[in-house]
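Subject: Structure handover

Hello,

Here is the structure you asked for, with my notes on it below. Please read them with the coordinates open.

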Amino acid sequence: MGGIILSKKEIRNRMKDQLSILGKEQYQLYSTEIENLFFRDNIVQNSSVIGLTISTFPEVHTKEIIQRLWDMGKSVVVPKCSPKDRSMNFYMIESFEQLEVVYMQLLEPNPLKASLVQPSDIDLLVVPGIVYNKSGYRIGYGGGYYDRFLKSYMNHTMSLAFECQLSDEVIPESFDLPVDQIITNKQVIHCKSNREEG
């Protein structure tokens, strides 16, 4: 018997509720476990320019990851969203001082202090989301920025997620673009292989 199929909005809201009760200690521990697996990954080690968002709780922490990438001599690019047309551009930052607070208290690069980078120059893009399946399909935060960006992005994609953010309830639609890999606090999921097997 098939279960009830929930809408993306229902799945998103349920996961937000689940994540909101994550204790600070658990959050820090799981984020650190994900960070450690991230830095062991071959694609990360071989990438020179890496795209990341500046996370806010309860997303997997990225500030520590960014600092470590800088320490390794890698370039970090972060997105600036344009709400008018839902487009997104990436800017290279070398310090958190190059960020500014925008709508909804999000931190984004200040275009006057950071340099614009072309999508083709980003070796690895870490794609945010709130719920994922093991084939790499995701439910984002509803803005559609990454869905638009990924249409013309051709290099490696990866997502960082807590194990509890994996769900078989994510049913992809025809326009959804999956990520290549997901790193959780317990495992590295090779989504491309799962799609090929499926």
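The buried residues of helix 4 pack against helix 2, strand 1 (49–51), strand 2, strand 3 and strand 10. Bear in mind that this is a predicted model. The buried residues in question are Ile-65, Ile-66, Leu-69 and Trp-70. Viewed down the axis of helix 4, they fall within an arc of 140 degrees, so they line one face of the helix. After helix 4 comes Gly-73, with a positive phi near 85 degrees.

The nonpolar cores come next. The largest nonpolar core has 35 residues, and Phe-38, Leu-69 and Leu-160 touch the most other members. Two or more residues each come from helix 1 (8–20), helix 2 (24–40), helix 4 (63–71), strand 2 (75–82), strand 3 (87–93), strand 7 (124–126) and strand 10 (156–160). Helix 2 contributes the most to this core, namely five residues. Leaving aside neighbours within four places in sequence, Leu-160 is in contact with Ile-34, Phe-38, Val-60, Ile-65, Val-126, Tyr-132 and Ile-183. There is also a second, separate core of 21 residues, which includes Val-49, Ile-122, Ala-161 and Ile-182.

On strand pairing: strand 2 and strand 3 run antiparallel and are joined by seven bridges. They form a hairpin with four residues between them. Arg-86, in the loop between strand 2 and strand 3, has a positive phi of about 55 degrees although it is not a glycine. Its relative accessibility is 35%, so Arg-86 counts as partly exposed. Strand 3 and strand 6 (residues 115–117) pair in the antiparallel sense over three bridges.

Another backbone point to check is the peptide bond from Phe-57 to Pro-58, which is cis, with omega near 10 degrees. Pro-58 lies in the loop between strand 1 and helix 4.

Where does Asn-185 lie, and what does it touch? Asn-185 is in the loop between strand 11 (181–183) and strand 12 (188–190). A polar atom of the Asn-185 side chain lies 2.8 Å from the backbone nitrogen of Glu-163. Not counting residues up to four places away in sequence, Asn-185 touches Tyr-30, Glu-33, Ile-34, Leu-37, Ala-161, Phe-162 and Glu-163.

Last, the cysteines. How many disulfides does the structure hold? The structure holds zero disulfides. For Cys-191, the closest cysteine sulfur is in Cys-164, 16 Å away, and that is too far for a bond. Cys-191 is buried, with a relative accessible area of 0%. Cys-81 counts as buried too, at 17% relative accessibility.

Regards

Definitions and conventions
Residues numbered from 1 in each chain as written. Predicted model: local features only at pLDDT ≥ 70, side-chain atom pairs only at ≥ 80, totals over all residues. Heavy atoms only, no water. Core = buried A, V, L, I, M, F, W, Y, C linked by side-chain atoms within 4.5 Å. Buried < 20%, exposed > 50% of the residue type's maximum accessible area, 1.4 Å probe, protein only. Contact = heavy atoms within 4.5 Å. Disulfide = S-S within 2.5 Å. Polar contact = N/O pair within 3.5 Å; in protein donor to acceptor, adjacent residues only side chain to side chain. Arc of directions from axis to C-beta. Pairing = 2+ DSSP bridges.
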